Each structure stands twice: as C-alpha cells, then as structure tokens.
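Please examine the sequence and the structure shown below. The paragraphs that follow lead through selected parts of the fold.

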Amino acid sequence: MKWNRRLRNTAAAGAITLPLLLSGCGMFGGSSAQIDPPPTDIETQMLEGLDAAEQTSFAQEEALSTVYLVNEHGLLAPVALHLPDGEASLKLNRMLEMLVKDGKYASLLPVGFSGILPAGSEVKAVTVKKDEKLAVVEFNQAFTGYEAADERKILEALTWTLTGTPDVEKVQLWVDGQKLNEMPVNGTPLDRPLSRNFGINLEIKAESGLSQLSPVIVYFSAATPEGVQYFVPVTRFVPADGDRVKSALGELLKGPQQGDGLERVVTDNTKLESVEVSKDGIVTVALKDDMFEAGEKLPAQMLQSLVLTVTENRDDSKVRIWLNGQKEVVGLDNQTYSEPVIRPETINEIPL
C-alpha cells in the first residue's frame, strides 16, 4: 500500500456514502457479500471500526429523496434524505420545501448544509406535465426576496432537485400566478425551461471563450464538519470537439480548485490510459497508477467518483474500471468495479 496519506484517510468514509448497483446479478443479488479475512492494513481497520449501521447504509428500508443543498463552502451538493410524511402527490412540494432557508424542515438537514431559497418561500404548486417531462413550479412572492449573488444557485438547486426524479427533465417557474420570463433580481433569462444543461457549481476561467467550449460534470469529494465524506458535482468547460467522457475524466484527474473545500479523489500519479465504449454501452476506463500494488484494494471514494463522473456525462451507461492492466479491481467497500456498474439511484446519505 503506497498511496498518499490524505487520500487514504478519506477512503473509509467515502466507502459508505455511495451505494453502487452492479448490473446483471446486482450487488445485493439475494446473497450477502463474502467478507474477506481481516487484513492488517490501516484502511481495513478503519472500515472494521465503522458503526455497523454505517457499513450497511446502502440497504435502505425506505426510499430516499435527493435534494440539492448548500454546503459550508457555498457549493451545492446532492443529499439523500427521508422526506417528512405527507401525501404522495405532494412529494415534489416537500422536496422543494427542504430547500428553504430556515424553513419548517431546516432541522431535518445534516450539519453543514442549508437551503438556498429565500426565507418565507412557499411552494404553492408543482405540476408535472408527463408528456413534456416538464415540472411547473409556483412560488409565493417571498421567492423573489433573495440576493443577486444567490440567483444562479437558486436555479441550479431547483433544477437539479426536480430533474433527479424520473418524470422531470425540464423546469418552469411561476410566482403568484405569473410565469417568470426572467429572474426578478439579476435578470437570468427564463424564456425556455431549465434543464441540467444549465450546469451546477460552474467553474469558468476569465480568459475562457465559451463559444468553443462545452460543459462536463465532474464529481469531487468534500467533508462535513463532522468528517463525513460526500460527493459534489462541478461544471467545467472543455473543448467542444473532444470526447465528453474522456474530457470529464481528464478534469477529474486535474483535481479541484484551491479554496473551494473540495478534495482530490485520485492520486497525483493517476493517469488515464484509455476509455472504450462497447456496442452494448459499457464504458471501460483503464487507468495507470504506480501508487497501487497488484491486487491491492482501492479507495471506494476514488472508484465511486469515477463511476459518477462517467455516468453523468454519458446517459444510461455502465462502467467498469481497470488499473495497471489488471482486470480485477476491487474497492475497500468489497465491491468489484471491473464488472459493469450502473449509477446508483441516490448518493450522499449523510447522518443528521
């Protein structure tokens, strides 16, 4: 085991935040995963020390809903929560009410996270037009009482929260019976419905000419004030003529910006060898990294971020990961990532 200490210390926490589902047999295919004899390395000792409930947090008894909240560094992150009880038809209303600053559900949010909608905002109605995959959301007048600096994050949080549900791909906003054609404070145009193409947590260099660039989504890691690791999506801009998945992985390997509270999920030595897509849509990511020895279990946080990044930039894809020519890659979460893996339904289940 030769990876750097910083990455090693985040591996155990990351292993419990993202339940991955293996295609075909399924990760929970009717039998429990075989437990290896306890090795002596520090990572496994850390895993053994985790609370049993944390180690099995992916075995969800109740459905979780994902909402996008602001972390202590001002970035939006998906957080999987148990919604308050209520009518099934009003589920989307309750999800958006979780985004209200100091709202009635503020006590249900994990430490270090808060809503982005202005205090006093009320969700008057959410209507889903299934044939258009469009969610029409109506707020009260308090929705307009925000600072200009929050305008884009408000739109990102609403869009990504709603489009995380199967029936919604686009979002339209109304206030007190009037459709918004632009946002009321900073004038962001709303002449067409919002979609995930709007991006999230944009990183734009001042010298960038966006006309020849296209966005990709990259997942880095962050930690709550209590040290729980979770994933944060970031939008970066890459040359428009490049392969989208390769470009996204290239940005992942570059690491996060300084000062935004994000952490590397790969080592400084990780190199992208190839990305191949089979006829049946399986994306094979081949990496090189001399920090890892043959047969060594890899940090789950590293493997999970690769899966999230690939599947965010290529719809309905399955991912397998090879390292240093080895076609048997196992994470510290005891999952095999060299077999096709699909994107999980929820990520970042953070204890309250």
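**Helix packing and the nonpolar core**

In this predicted model, the axes of helix α6 (residues 244-254) and helix α7 come within 9 Å and cross at roughly 145°. Axes here are lines fitted to C-alpha atoms, for helices over the stretch in contact, with angles from 0 to 180 degrees between N-to-C directions; helices are DSSP runs of H or I with at least four residues, numbered from the N terminus. Residues of α6, including Val245, Ala248 and Leu249, meet residues of α7, among them Leu306, Thr309 and Val310, where contact means heavy atoms within 4.5 Å.

The largest nonpolar core has 85 residues. Such a core is a set of buried Ala, Val, Leu, Ile, Met, Phe, Trp, Tyr and Cys residues joined through side-chain atoms within 4.5 Å, and buried means under 20% relative accessible area (1.4 Å probe, protein chains only). Helix α7 (residues 300-313) gives the most to this core, namely seven residues. Leu117 is among the core residues with the most contacts inside it. Beyond four places in sequence, Leu117 touches residues including Leu96, Leu99 and Phe143.

Thr161 lies in helix α5 (residues 151-162). Its relative accessible area is 1%, so Thr161 counts as buried. Leaving aside neighbours within four places in sequence, Thr161 is in contact with Thr66, Val67, Tyr68, Met95, Leu96 and Leu99.

Mean pLDDT, the predictor's confidence in each residue from 0 to 100, is 84 for the protein. Over residues 1-61, pLDDT stays under 50.

Residues are numbered from 1 along each chain as its sequence is written, and side-chain values use heavy atoms, leaving out hydrogens and water. Local features need pLDDT of at least 70 and side-chain atom pairs count only at pLDDT 80 or more, whereas totals for chains, interfaces and linings use all residues.

Definitions and conventions. Buried < 20%, exposed > 50% of the residue type's maximum accessible area, 1.4 Å probe, protein only. Helix = DSSP H or I, 4+ residues; strand = E, 2+ residues; numbered from the N terminus.
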